[in-house]
Amino acid sequence: MFENTIAAISTSLQDGAISIIRLSGDQAIEITQKIFDRNIMNAKSHTIHYGFIIDADKNPVDEVLISIFRAPKTYTREDIVEINCHGGTFITRKILSMVLSAGANLAKPGEFTQRAFYHGRIDLSQAEAVQDMIEASNNTAATMAIHGIKGSVKKLLQPLIDDLMDIIAQIEVNIDYPEYEDVEQLTTNDLLPKTNDWLEKIDHILSRVQTGQMLKKGIDTIIVGKPNVGKSSLLNALLEEDKAIVTDIAGTTRDLVEGQIHIGSVQLNLIDTAGIRESNDKIEQIGIEKSQEKLKDAKLVLLVFDGSKELDDEDKQLLELTKDKMRLIIYNKLDKTEADKDGIWISAANKEIQPLIDALEHLYQQDLLKEEPLLSNERQIGLLNQAKEDMLRAKEAMDMMVEPDLIEIDIQAAHDHLKEILGEVHREDLLDTLFSKFCLGK
C-alpha cells in the first residue's frame, strides 16, 4: 500500500542538543546512503553508525549518528533510519532537505503511526494512545496512554466481541444446518439471557467513562464563596504562587483565574471565581454570571466561608446552590478565630491549608487506573454507545419473539461497531482525519 519512503523531523524544531530526522520505507537505507560518508547498505538491524552527512561535492555538512532498524521489527514494520544530528534549526532543516532531494517524500502528520496501524503492528486504539501520550499534561493521562499503547482497550473489548461472535455463530448454524439433530435449536428465549448479560457488561464499562475522561483531562474544580472570604488567597496557596490579586477590598476578583495542581495521581483544574453576591456594579455582575456558569459544569466545588463570622443568608444560599454538587466546605481565616463547627478549617493567608490537602487526598485516594482499563476517547465512547443501541434494538426484537435470523442484523451491527473501535472495521476518510491530528514525524 505504501510504495514511497517518507521522512520528517521527529523532534521539536527548535535549537537544542540533538535533532532526529526519521525515514521509513523500502528505500530508507538507500536514500540515507546517498548523503552519508560510511557504508551502511549491509548494516545489521538495530545498530548505530558514526559519520558525516555530506553534500553533492562530498563536503561534510554535520557530524551525525545513524540508527538502522530493518523490517519487520520496527515501529512501522518497514525499514527505518534515524539521523541524529546537532539540534540547530538550520542544520536540521538542511539535512531534511537533503533527504528529500535524495528521494524521500515529506511525511504527512501521523503517517509513521498510520503505517504502523496498516501494517498490523498496532490497532487503532493503540494509535490513538500514541497521540494521547504526546498530549498528556499530567501523570495520570500519561499512565492511561501507556495502558492504551499496551493494548488495554482491546483487552477490555475482546470479551464483548467474542460473546457477540458466539451468538452470531449459533444463529448462523441454525440457519444453515437446521436438519442436523445435534445442532441446538435456537430461540429468542435462548438469546435473551446472553443479550442481557452482554448489556450488563457494556453498561459497566460505560459507567466508568466519565471517570476515564475526568482522570485524563483533570477534575474541573471551582472555588466559590462570597467576596473577601479568601478564595484568591486559597488559590494562591494551592498553586504556591501569587497568581490571583489579593486585597481587603470586596469584589477584587472580577474575572476567572485558573491554575492546576496535582493531588496524588489526580489533576485538579482550579478556577477562582468572582464572589457571588447581590451587586449593582455592572462589571462585577458580569464576573458573578461567569462564576455561576462555571459552577454548573464543575465536578468539584470548594465552598469557602469566612470562619471569623457567622453564616449569613448569602452563605446559606450558596449552601443551597451547591447541595447537589460534590463539594468540600471550607472555613477560612483560622488565624483570626477558633474552629467552632464541623468542616475544614484553614488559614489561606498564612498558607496553612494542610487540612484541605488531606481532605482532597482522602477524596481521591483510590487508584482508579488499577481497577481495570478505562475508555476516555470520544470516538471510542461514541462507537461503544452505538453498539449498545444495536443490542437494545436486538433485545426489543427478542421481546417481540422475532425470528433469530432477523435479530442477527442488529447483533452484527453491534459487533462491527466494537471492531471499528480497534480499526478492524473502518472508513478510509475517518482514518485520514484521525491521523491528520497527529504531529509531524510521529
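Author: Happy to! Contact here means heavy atoms within 4.5 Å, and helices are DSSP runs (H or I, at least four residues) numbered from the N terminus. This is a predicted model, in which local features need pLDDT of at least 70, side-chain atom pairs count only at pLDDT 80 or more, and totals for chains, interfaces and linings use all residues. Residues are numbered from 1 along each chain as its sequence is written, and side-chain values use heavy atoms, with hydrogens and water left out.

Let us look at H4 and H5. On the H4 side, Gln 126, Ala 129, Val 130, Asp 132 and Met 133 make the contact, and they meet Ala 142, Ala 145, Ile 146, Gly 148 and Ile 149 of H5. Sorted by class, this contact has 7 nonpolar, 2 polar and 1 charged residues (Ala, Val, Leu, Ile, Met, Phe, Trp, Tyr, Cys and Pro count as nonpolar, Asp, Glu, Lys and Arg as charged, and the others, Gly among them, as polar).

Now for the geometry. H4 spans residues 124-135 and H5 residues 139-149; their axes lie 8 Å apart, at an angle of about 155°. Axes are lines fitted to C-alpha atoms, for helices over the stretch in contact, and angles run from 0 to 180 degrees between N-to-C directions. H4 and H5 are therefore roughly antiparallel to each other, a term for angles over 145 degrees. The crossing of H4 past H5 is left-handed, meaning that the near helix is turned anticlockwise from the far one by less than a right angle.

Conventions
Helices (H or I, at least four residues) and strands (E, at least two) are DSSP runs, numbered from the N terminus. Angles under 35 degrees count as roughly parallel, over 145 as roughly antiparallel, 65 to 115 as roughly perpendicular and the rest as oblique.
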